[in-house]
Amino acid sequence: GIETFLKECRRCGVEAGLALGMRSPVETVKPWLDWVDEILVMSVQEGFSGQNFQWDALEKILRIGWVE
């Protein structure tokens with residue numbers, strides 16, 4: 001699972017990140033914040049080109065709490 005993967009990355013000295021899709025709540029990544037080096041917050045629906053930026057992605061970034 002995710003926990004095993006992230007722990008193995010740490011053990012090997014490899015940086016790890018997670019992607020948070022448009023439909024996924026911030027709470028999805030909260031348990032892993034201490035184990036990841038970055039989180040990609042998707043600002044468009046994956047798989048479709050030509051989309052407009054979805055401004056609610058900024059709210060998710062702020063809710064993750066890594067913005068200083």
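Student: Where in the chain is the place of Val26?

Tutor: This is a predicted model, in which local features need pLDDT of at least 70 and side-chain atom pairs count only at pLDDT 80 or more, while totals for chains, interfaces and linings use all residues. Residues are numbered from 1 along each chain as its sequence is written, and side-chain values use heavy atoms, with hydrogens and water left out. Helices (H or I, at least four residues) and strands (E, at least two) are DSSP runs, numbered from the N terminus. In these terms, the place of Val26 is in the loop between β1 and β2.

Student: Is Val26 buried or exposed?

Tutor: A residue counts as buried under 20% relative accessible area, as exposed over 50% and as partly exposed in between, with a 1.4 Å probe and protein chains only. The relative accessible area of Val26 is 0%, and therefore this residue is buried.

Student: Which residues is Val26 in contact with, leaving aside its neighbours within four places in sequence?

Tutor: Contact means that heavy atoms lie within 4.5 Å. Val26 and Val36, ten residues apart in sequence, are 14 Å apart in space from C-alpha to C-alpha. Once the neighbours within four places are left aside, the residues in contact with Val26 are Leu20, Lys60, Arg63 and Ile64.

Student: What pattern does the chain follow when read along the sequence?

Tutor: The secondary structure of the chain comes to two helices and two strands. Read along the sequence, these elements give the pattern α-β-β-α.

Student: Which residues does Ile64 touch, not counting residues up to four places away in sequence?

Tutor: In soluble globular proteins, nonpolar side chains tend to be buried together. Ile64 is among the core residues that touch the most other members. Its partners beyond four places in sequence are Leu20, Val26, Val29, Lys30, Leu33, Ile39 and Val41.

Student: How many degrees lie between the planes of the aromatic pair formed by Phe53 and Trp55?

Tutor: Rings of Phe, Tyr and Trp (its six-membered ring) pair if their centres lie within 6.5 Å, and planes under 30 degrees apart count as stacked, over 60 as edge-to-face and the rest as tilted. A search of the whole structure finds one such pair. Phe53 and Trp55 form this edge-to-face pair, with 4.7 Å from centre to centre and an angle between the planes of 75°.

Student: Is Trp55 buried or exposed?

Tutor: Phe53 has 35% relative accessibility and so counts as partly exposed. Because its relative accessibility is 64%, Trp55 counts as exposed.

Student: What accessible area do Phe53, Trp55, Leu58 and Ile61 have together?

Tutor: Ile61 lies in helix α2 (residues 56-64), and with 32% relative accessibility this residue counts as partly exposed. Patches are made of residues with over 30% relative accessible area and no salt bridge, with like charges joined within 9 Å and nonpolar side chains (Val, Leu, Ile, Met, Phe, Trp, Tyr) within 5 Å. The four residues form a nonpolar patch on the surface, and together their accessible area is about 410 Å².

Student: How far apart are the closest N and O atoms of Glu27 and Arg63?

Tutor: A salt bridge is a side-chain nitrogen of Lys or Arg within 4 Å of a carboxyl oxygen of Asp or Glu, and a search of the whole structure finds four of them. Glu27 is partly exposed at a relative accessible area of 44%, and Arg63 is partly exposed at 40%. These two residues form a salt bridge in which the distance between the closest N and O atoms is 2.5 Å.

Student: How many residues apart are Arg10 and Asp37?

Tutor: The side chains of Arg10 and Asp37 meet in a salt bridge of 3.5 Å, N to O. The pair links distant parts of the chain, with Arg10 in helix α1 and Asp37 in the loop between β1 and β2, and their separation in residues is 27.

Note on methods: Accessible areas come from the Shrake-Rupley method with a 1.4 Å probe; for residues, only the protein chains shown count as cover. A nonpolar core is a set of buried Ala, Val, Leu, Ile, Met, Phe, Trp, Tyr and Cys residues joined through side-chain atoms within 4.5 Å.
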